[in-house]
Amino acid sequence: MERGSRSETLDQAGKQKGGQKLGSMLPQIEPFIPKRDHNPKELRSWARRTGFVSTFSGETTTSVSERYGAEKDDSGGFDLERGRDQRGGSSPKIEIDPILGRTRANRGFEIEPASGSETGAVQRLPRDESDGALGLRNGTARGENKKRRIGIEPVLGPADEERKVNLNGNGNGNGIVNGDGHQVPVVTSAAEPKKEDSKSEEEVGIDVPPDDEEPPPEGWRGSSLMKCGLRENPGFVPLIYYSLQHYLSLAGSIIFIPLVIVPAMGGTDKDTATVISTMLLVTGITTILQSYFGTRLPLVQGSSFVYLAPALVIINSQEYRNLTEHKFRHIMRELQGAIIVGSIFQSILGFSGLMSLILRFINPVVVAPTIAGVGLAFFTYGFPQAGSCVEISIPQILLVLIFTLYLRGISISGHRIFRIYAVPLSILIIWAYAFFLTAGGAYNYKGCSPDIPSSNMIVDACRKHAYTMKHCRTDVSNAWRTAAWVRIPYPLQWGVPSFHLRTSIIMIIVSLVASVDSVGTYHSTSLLVNSKPPTPGIVSRGIGLEGFCSVLAGLWGSGTGSTTLTENVHTINITKMASRRAVELGAAFLIFLSFIGKVGAILASIPQALAASVLCFMWALIVALGLSTLQYSQAASFRNMTIVGVSLFLGLSVPAYFQQYQLYTSLILPSYFIPYAAASNGPVHTGSKQLDFAFNALLSMNMVVTLLVALVLDNTVPGSRQERGVYIWSRAEEMETDPSFLADYSLPKKIAPAFCRTKCLGS
């Protein structure tokens with residue numbers, strides 16, 4: 001039917017007087033009557049004629065109301081989700097007719113009772129021959145079995161069948177909710193004998209949630225399969241098990257960054273062990289702070305890969321390439337100063353409430369390519385470094401893939417250990433395998449010693465095998481011999497941080513990238529643990545505290561900032577453990593381990609090829625987690641596909657352009673560090689060496705370019721709110737009416753008043 005006919009019908013309906021039935025207002029289209037041997041083509045034909053939109057699909061589809069109202073929504077017209085004019089005026093709410101699936105406007109006109117009927121009686125539509133109104137059978141909507149399987153809607157009771165609606169505009173709240181989240185008045189038919197229908201009834205259905213249940217927002221997963229909820233306490237012994245389970249699955253993210261940056265900074269094995277212990281301490285402290293005073297979600301604060309790329313850019317700058325004396329301490333103090341400045345900016349961004357304004361521009365279409373760009377930034381480091389010893393790197397990659405993909409369904413004593421402990425189990429197995437290769441003499445070369453640096457080797461044959469011995473042997477590290485049994489990391493242990501404009505600018509922009517990463521993690525985690533999404537104030541509180549935690553990381557000297565680990569979402573999804581107490585207990589355990597120097601020494605002795613092969617999997621997982629954020633938008637939209645594709649391509653191609661302006665870098669640095677050395681020789685020349693270094697560095701980093709392109713395109717290309725996947729943050733008034741919502745994010749009672757005085761920080 002043409003769009004114009006719909007409006008004409010509604011205009012005529014507004015002028016109807018008594019004596020005319022409601023059925024005359026609607027187009028005369030026969031309802032679809034399911035049969036035992038119905039033809040699927042007949043169902044599709046009926047859906048095309050009537051405009052019926054199925055809501056059973058898990059995908060985000062464009063509703064009929066969205067098609068009619070998208071143009072106005074994009075041009076500053078009325079808001080589809082709020083049902084009001086964005087320019088201040090009121091406009092009709094576009095709704096789907098519950099019988100025919102067609103759109104109609106709720107203009108507030110009254111329908112006069114039919115002649116001959118009782119005063120005030122409500123007109124009823126004819127009941128279908130085989131079903132009640134809306135296709136209800138014994139009080140249950142068709143498609144109940146399907147909904148019961150996927151856990152979206154509860155089964156309707158008998159009282160829900162005969163609901164009536166006040167058609168004079170009182171707004172009593174009765175009615176059903178269509179696929180777009182709007183309430184649709186129910187008009188029931190006169191009493192008729194019900195007939196039991198056949199199984200073919202289950203083929204077609206309409207979502208009919210009960211009256212007393214508020215419809216979940218778009219993109220909301222209503223059910224939770226968590227074994228332990230956010231505020232639950234399963235007991236001390238289970239908490240110990242769950243905390244170890246949680247942190248062991250994140251071992252690769254917590255301890256492997258020092259294995260990458262410390263050797264690149266010219267640090268010794270003892271320095272690597274000290275940085276690992278410092279990172280364990282900072283991770284434990286910042287996780288407890290975020291759990292008590294931040295978003296209060298079960299998230300781990302740790303050394304993020306977001307800060308790894310800028311750290312490598314600073315490490316490989318030209319002034320540090322030929323530095324030999326105290327190179328590690330000079331670079332570490334430079335990193336500390338840059339991280340502190342960028343973290344102070346991030347903290348101000350959160351605690352001042354500016355983050356609430358920035359959230360309007362951050363949507364899944366922006367978050368997805370940005371997080372994916374973080375993982376793709378290290379494709380030049382991953383296998384080139386892992387390939388230095390293919391005897392252990394290839395088995396490591398294959399084993400972790402076998403555990404996570406092929407053995408993920410195997411359960412031992414009710415626990416799927418291969419899926420939960422894929423990374424630590426594979427590391428232990430391959431590490432033991434590498435130890436036996438070393439002990440068996442696989443890397444013994446006549447007259448060669450792995451303890452002698454390659455520059456001091458005289459025999460050419462030994463110099464040839466020095467690279468293999470360094471990366472494959474498990475006994476080349478002297479961290480165990482040099483590390484103390486007890487050592488407490490302390491602030492400023494590497495000296496006073498140094499501050500420079502060029503590195504401060506880099507870390508300020510990187511802190512924005514880290515904030516975007518955390519926003520996506522907050523939203524995904526809140527949906528996973530079955531808690532309502534946090535308000536902009538709660539998100540601002542979390543971002544502000546992340547900035548404070550990164551300041552602590554800069555003072556202690558962990559080499560990178562502290563932010564929410566993206567891999568945490570995957571861990572919660574696998575372990576089904578969402579208790580804050582488990583995360584806090586595990587953080588306390590990390591703090592205890594950081595005081596034992598030999599623990600950091602053991603971790604520092606992991607062969608570099610083994611660490612790089614594990615990181616190949618971790619970075620690939622970050623890419624996948626980033627792209628999975630598109631599920632909250634219309635991933636099949638051509639607009640979204642184009643924005644994501646262009647953002648990722650330019651995020652890889654533009655840095656490659658900046659990296660080609662390096663003439664002699666390949667003669668000095670290893671090949672896997674060349675992409676991070678473009679800051680000193682890039683094409684940008686402003687007349688200031690500090691600004692040249694900053695701009696060349698930023699435009700040579702994949703995640704920064706990806707964020708800029710996606711942010712501009714998503715906020716300038718027209719698109720509806722549903723298509724863009726605009727995050728539906730919870731409204732502030734819900735915190736006052738929903739106690740469970742308040743309890744999930746509320747701060748401890750002693751400090752809550754201090755934060756509540758600032759409205760921009762939520763509860």
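Predicted model: local features only at pLDDT ≥ 70, side-chain atom pairs only at ≥ 80, totals over all residues.
Cys 389 and Cys 472 are joined in a disulfide, with their sulfur atoms 2.0 Å apart.

**The disulfide**

- The count of disulfides comes to one.
- Cys 389 sits in the loop between α13 (382-386) and α14 (390-406), while Cys 472 belongs to helix α17 (residues 460-472), so the bond ties together parts that are 83 residues apart in sequence.
- The torsion about the S-S bond of Cys 389 and Cys 472 is about 130°, which means that the disulfide is right-handed.
- Cys 389 and Cys 472 are both buried.
- Another cysteine, Cys 549, has a relative accessible area of 0% and is buried.

**Aromatic rings**

- The structure has 14 aromatic pairs.
- One of them joins Trp 480 and Trp 485 in an edge-to-face arrangement, 5.7 Å centre to centre and with 75° between the planes.
- How exposed are these two residues? Trp 480 is partly exposed, at 42% relative accessibility, and Trp 485 is exposed, with a relative accessible area of 56%.
- Tyr 672 and Phe 673 also make an edge-to-face pair, with 4.8 Å from centre to centre and 70° between the planes.
- Tyr 672 and Phe 673 are both buried.
- Tyr 672 and Phe 673 also belong to one aromatic cluster, together with Phe 305, Phe 378, Tyr 381 and Trp 619.

**Charges over rings**

**Salt bridges**

- Side chains of opposite charge can pair when their charged atoms come close.
- The structure contains four salt bridges.
- Which residues are linked in a network of salt bridges? Arg 639, Asp 714 and Arg 724 are.
- Arg 639 counts as buried at 9% relative accessibility, and Asp 714 is buried with a relative accessible area of 0%.
- Asp 714 also forms a salt bridge with Arg 724, where the closest N and O atoms are 3.4 Å apart.
- Arg 724 lies in helix α28 (residues 721-724) and Asp 714 in helix α27, so here the parts tied together are 10 residues apart in sequence.
- Like Asp 714, Arg 724 is buried.
- Arg 473 and Asp 475 meet through their side chains in a salt bridge of 2.9 Å, N to O.

**A nonpolar patch on the surface**

- Phe 383, Val 390, Ile 394, Leu 398, Leu 401, Ile 402, Leu 405 and Tyr 406 make up a nonpolar patch on the surface, with about 740 Å² of accessible area together.
- Which helix gives the most to the patch? Helix α14 does, with seven residues.
- Val 390 is a member of the patch and has its place in helix α14.
- With 38% relative accessibility, Val 390 counts as partly exposed.

**Loop residues with a positive phi**

- Leu 492 has a phi near 55°, a positive value in a residue other than glycine.
- Leu 492 is found in the loop between α18 (479-482) and α19 (501-528), and it is partly exposed, with a relative accessible area of 39%.
- Lys 576 has a phi near 60°, again a positive value in a residue other than glycine.
- The loop between α21 (567-575) and α22 (580-594) holds Lys 576, which counts as partly exposed at 23% relative accessibility.

Technical notes
Residues numbered from 1 in each chain as written. Heavy atoms only, no water. Phe/Tyr/Trp six-rings, centres within 6.5 Å; stacked < 30°, edge-to-face > 60°. Buried < 20%, exposed > 50% of the residue type's maximum accessible area, 1.4 Å probe, protein only. Disulfide = S-S within 2.5 Å. Helix = DSSP H or I, 4+ residues; strand = E, 2+ residues; numbered from the N terminus. Patch = residues over 30% accessible without salt bridge, like charges linked within 9 Å, V, L, I, M, F, W, Y side chains within 5 Å. Areas by Shrake-Rupley, 256 points an atom, 1.4 Å probe, with all protein chains shown as cover.
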